[in-house]
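Subject: A structure for you to explore

Hello,

I am passing on the structure we talked about, along with some notes to read beside it. Please open it first and have a look around.

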Amino acid sequence: MLRSIGLCTLLALPAIITRLSGAHPEPVLSMILYGMAVFAASFLLAWAAEAAQVDISGGLAIAILALIAVLPEYAVDLYYAYTAGSNPEYVQYAAANMTGSNRLLLGLGWPVVVLVGLWGLRRLRGRTTHVLPLNRGNRLELGFLLFAGIFAFVMPLTGEIHLWMGVILFAWFAYYAYRLSRGAVEEPHLQGTSAAIGGLPRRQRRLTLFGLFLFAAFIVMIAAEPFAHSLVDAGADLGIDEFLLVQWVAPLASEAPEFIIAIMFAWRGNAGAALATLISSKVNQWTLLVGSLPIAYLAGGGETALQLDHRQTEEMLLTAAQTMMGIALILGLRFHHWSAWILLLLFMVQFPVTGTDGRLILSAVYGAIALAAFAWHWRHIWPTLKAPFAKLEEAEPDSSR
């Protein structure tokens with residue numbers, strides 16, 4: 001525990017010293033320094049959130065863990081949205097960061113965890129398996145994500161993220177948290193640093209958790225703003241599209257710890273729990289993060305709607321189509337290895353496929369696969385749609401079907 005926390009402190013220390021001293025290093029160095037701090041804070045938050053499950057058990061703990069683990073991502077994205085209220089140039093960066101984090105989570109996080117999980121199960125059991133069964137309770141998360149995914153198409157169709165959309169998504173997330181809080185209590189399966197923290201005596205554990213949350217929040221407060229600025233400035237210095245840097249580097253820095261911890265859990269044979277956390281993270285991002293953007297934009301002096309240009313509209317459409325494909329592939333509560341490979345390969349294809357035509361074609365491919373998968377899993381569509389409103393036992397059909 002001390003070694004892990006000490007290493008994260010060392011990673012964050014250069015950024016803290018730089019910010020408190022008032023120094024202004026050149027953009028690329030600044031991006032690296034503050035990016036390391038965001039990376040370190042994400043690890044601290046992930047460990048603390050996992051260990052907190054000892055005191056807050058059940059499905060709600062998974063949602064809290066998923067939310068806390070991506071707080072650095074929220075801080076960076078909301079900074080872009082808030083700044084866009086007074087500086088219109090930053091509107092594109094708020095949308096870029098949000099679409100990038102969503103696509104990274106589903107296109108890279110989900111399939112890698114599944115593939116590593118299947119490999120881990122083969123290593124532990126001595127036999128090959130090509131399907132990762134999901135927990136019955138994941139039907140509830142999929143139901144919430146399905147409604148949010150359908151609603152997300154309103155944004156590219158209208159070309160804006162309006163305040164009323166944010167209110168609806170906030171309310172949907174609040175209802176999601178309420179439903180999870182009514183679920184059964186389960187004992188957490190902690191490993192590594194989080195297990196060391198969770199194994200402390202109650203008073204010492206809670207003081208440690210409070211200290212970690214406070215320290216991580218301090219790092220995020222110190223690093224989020226200069227990290228966001230440096231990404232834009234570094235793009236100009238390096239001759240790289242600033243939109244792409246904001247879209248991929250910021251989410252990668254803030255979500256890498258969550259991915260690493262999930263992959264470690266999957267490798268150790270607990271892929272179901274790891275994937276459940278990433279599914280919950282996707283619900284959080286597609287509701288709370290997206291819904292926060294117009295509110296932050298308005299608070300920063302903007303209007304009641306965050307306007308999307310053509311590129312941002314296409315990015316939103318692509319992200320929404322990818323979300324629907326991801327849901328459709330696991331609607332039967334079984335994640336096949338070929339589904340993981342499809343998600344991963346299509347995620348990689350988007351980098352060489354640039355421009356309007358490329359984004360629209362890729363959106364159509366995602367949509368076509370989603371429709372085919374929905375048709376294949378048509379028996380599971382209604383149970384998934386009613387899961388957020390049904391009694392818990394009704395919302396959890398047998399995953400073996």
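First, some ground rules. This is a predicted model, where local features need pLDDT of at least 70 and side-chain atom pairs count only at pLDDT 80 or more, while totals for chains, interfaces and linings use all residues. Residues are numbered from 1 along each chain as its sequence is written, and side-chain values use heavy atoms, with hydrogens and water left out.

The core

In soluble globular proteins, nonpolar side chains tend to be buried together. Here, the largest nonpolar core has 122 residues. (A nonpolar core is a set of buried Ala, Val, Leu, Ile, Met, Phe, Trp, Tyr and Cys residues joined through side-chain atoms within 4.5 Å; buried means under 20% relative accessible area, exposed over 50%, and partly exposed in between, with a 1.4 Å probe and protein chains only.) Y80, W110, F227, L275, W286 and F335 have the most contacts inside this core. Which helix gives the most to the core? That is α5 (residues 91–125), with 16 residues. (Helices are DSSP runs of H or I with at least four residues, and strands are runs of E with at least two, numbered from the N terminus.)

Not counting residues up to four places away in sequence, F335 touches W110, V114, H130, V131, L132, L275, I330, A340 and L343 (contact means heavy atoms within 4.5 Å).

A patch on the surface

L10, L13 and I17 make a nonpolar surface patch of about 290 Å². (Patches are made of residues with over 30% relative accessible area and no salt bridge, joining like charges within 9 Å and nonpolar side chains, namely Val, Leu, Ile, Met, Phe, Trp and Tyr, within 5 Å; accessible areas come from the Shrake-Rupley method with a 1.4 Å probe, and for residues only the protein chains shown count as cover.) I17 sits in helix α1 (residues 2–21), and counts as exposed because its relative accessibility is 51%.

Two buried residues

L146 belongs to helix α6 (residues 138–152). Is L146 buried or exposed? Its relative accessibility is 3%, so L146 counts as buried. Beyond its neighbours within four places in sequence, L146 is in contact with M324, I327, F374, T384 and L385.

Salt bridges

The whole structure has five salt bridges (a side-chain nitrogen of Lys or Arg within 4 Å of a carboxyl oxygen of Asp or Glu). R19 and E225 form one of them, at 3.9 Å from N to O. R19 lies in helix α1 and E225 in helix α10 (residues 202–238), so this pair ties together parts that are 206 residues apart in sequence.

D241 and R311 meet at 2.8 Å, N to O. R311 is in helix α13 (residues 310–329), and the pair ties together parts 70 residues apart in sequence.

R359 and E315 pair at 3.9 Å, N to O, and both are buried. R103, E314, E315 and R359 are linked in a network of salt bridges.

Happy exploring!
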